[in-house]
Amino acid sequence: MKRWLLPLLVVVVMALSACGNTANNNSAAGANNSASEANVSADNGGSANASSSTNSSANESSTDTITYQSENGPIEVPANPQRVVMLSGHAGSLLKLGVPIAGTDSWAKANPNFKDQLQDVPEVSVENIESILNVKPDLIIASTDIQNADKLKQIAPLVTYTYNKVDYLTQVLEIGKAVNKEAEAAAWVADFKERARKAGEEIKAKIGADSTISIIEGDSKALYTFGDAWGRGTEIVYQAMGLKMPDKVKEMTAEAGYYDLSLEVLPEYMGDYVIYSKDSNADASFQETSTYKNIPAVKNNRVFEVEATGFYFNDALSLDYQLDFITQSLLGSN
């Protein structure tokens, strides 16, 4: 998960999309979540061939189970989970699917997109197994590199995902399968793809199909740009909308999915339009330098800033939020 691995390698991401994109769940410079890397990861883990053996039913009891084909093999999980502990960047997908969350990590709790919805949900941590025991989960969802996995399996069925093992929308589907909500997840995915496609066409008609978009994140100490699958809206901009990535960004993010920047080279990676995922508490004094101010996108008021804590991941709710922000920003631009 490197950069949401930045927040989840500072979160457990994917992300997230991030991203999006991704992000893909939460990630840069090799830290599956280091403070700066935490800013760069986002949101995505996934199981490639997961499927449920039975469909959900209104008559299912709390003891009924289904077999979920996870990336690590078949797992018996509740057919109607009522107390899910989410330890990776997919809380927004559970909320979108109406699945009760019994506990989640600090990253999800801090996400402004669904902070209110998780207000009364206890914060739990894999470093504190007792905090997870106390909420009595019937299912635990986490990333594959989670600590204390053996202990978690003794508490409840444990489903894990590897960041970016599958694409961001397949990941939403896999979460849906794991909680026996595949039909609902598939419906959301189809609707999201259509909304993003239409928005992309409108944006290209307005700004031109050849206009480039960059997505950056960071502060005066560490800056990053992202490829097409690292949360922070990257999956939406480059995959779903089909908008153009600057050649330099494409080249340098091809291997790792993100690329570390210095202020000196930043102008080379800034497209005609830029989405800046910015931590409001970080030092962004680089924006006061002549190097930054003379970048064409900056001079033309085509840099759109968004709070980073709500833009890391690529769960369903985060993707909805990112899609709205990207669409409104680019369609409202000069």
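Before the pairings, one definition: two strands count as paired if DSSP finds at least two bridges between them. With that in hand, G218 stands opposite L223 in β8. Please keep in mind that this is a predicted model.

Let me stay with that pair of strands. β7 covers residues 213-218 and β8 covers residues 223-226; the two run antiparallel and are joined by 3 bridges. Another bridge partner to look at is T225 in β8, which pairs with I216.

β7 also pairs with β10, this time in the parallel sense, over 5 bridges. There, S214 has V274 in β10 as its bridge partner.

How buried is β7? Of its 6 residues, 6 are buried, and the strand is mostly covered. For anyone wondering about the cut-off, buried means under 20% relative accessible area.

Now the sheet as a whole. It is an open sheet of 5 strands in the order β9-β8-β7-β10-β11, with mixed pairing. On average, neighbouring strands here are turned by 25° against each other, ignoring direction.

Next, the helix on this sheet. α13 lies across β7, β10 and β11, and runs at about 155° to β11. The 16 residues of α13 should span 22 Å at 1.5 Å a residue, and the end C-alpha atoms are 22 Å apart, which agrees. At the start of the helix, a side-chain oxygen of D315 comes to within 3.1 Å of the backbone nitrogen of L317.

Is α13 enclosed or open to the outside? Of its 16 residues, 12 are buried, so α13 is largely enclosed by the rest of the structure. The buried ones include A316, L317, L319, Q322 and I326.

D320 lies in α13, which covers residues 316-331. Its relative accessible area is 12%, and the cut-off for buried is under 20%, so D320 counts as buried. What does D320 touch, leaving aside neighbours within four places in sequence? The contacts are K96, W188, F192 and R195.

There is another sheet to mention. This one is open, has 4 strands in the order β4-β3-β5-β6, and its pairing is parallel. The edge strands are β4, residues 101-104, and β6, residues 158-161; each has a single partner strand, so one side of each has no neighbour in the sheet. From one strand to the next, the twist averages 20°.

Within that sheet, β3, residues 84-86, pairs with β4 in the parallel sense over 3 bridges. V84 stands opposite I101 in β4. A helix goes with this sheet as well: α6, residues 168-178, lies across β5 and β6, and runs at about 175° to β6.

Last topic, the aromatic rings. A pair of aromatic rings is described by the distance of the centres and the angle of the planes. The count here comes to 12 aromatic pairs. One of them is W230 with Y258, a tilted pair at 5.5 Å centre to centre and 45° between the planes. W230 is in the loop between β8 and α8, and Y258 is in strand β9, so the pair ties together parts that are 28 residues apart in sequence. Both W230 and Y258 are buried.

Another pair is F311 with F325, which is edge-to-face, at 5.7 Å centre to centre and 75° between the planes. F311 sits in the loop between β11 and α13, F325 sits in helix α13, and they are 14 residues apart. F311 and F325 are both buried.

To close on the rings, Y163, Y224, W230 and Y258 are linked into a cluster by ring pairs. That is what I had.

Key. Residues numbered from 1 in each chain as written. Predicted model: local features only at pLDDT ≥ 70, side-chain atom pairs only at ≥ 80, totals over all residues. Heavy atoms only, no water. Buried < 20%, exposed > 50% of the residue type's maximum accessible area, 1.4 Å probe, protein only. Contact = heavy atoms within 4.5 Å. Axes fitted to C-alpha atoms, helices over the stretch in contact; angles between N-to-C directions. Expected span 1.5 Å × (residues − 1). Polar contact = N/O pair within 3.5 Å; in protein donor to acceptor, adjacent residues only side chain to side chain. Phe/Tyr/Trp six-rings, centres within 6.5 Å; stacked < 30°, edge-to-face > 60°.
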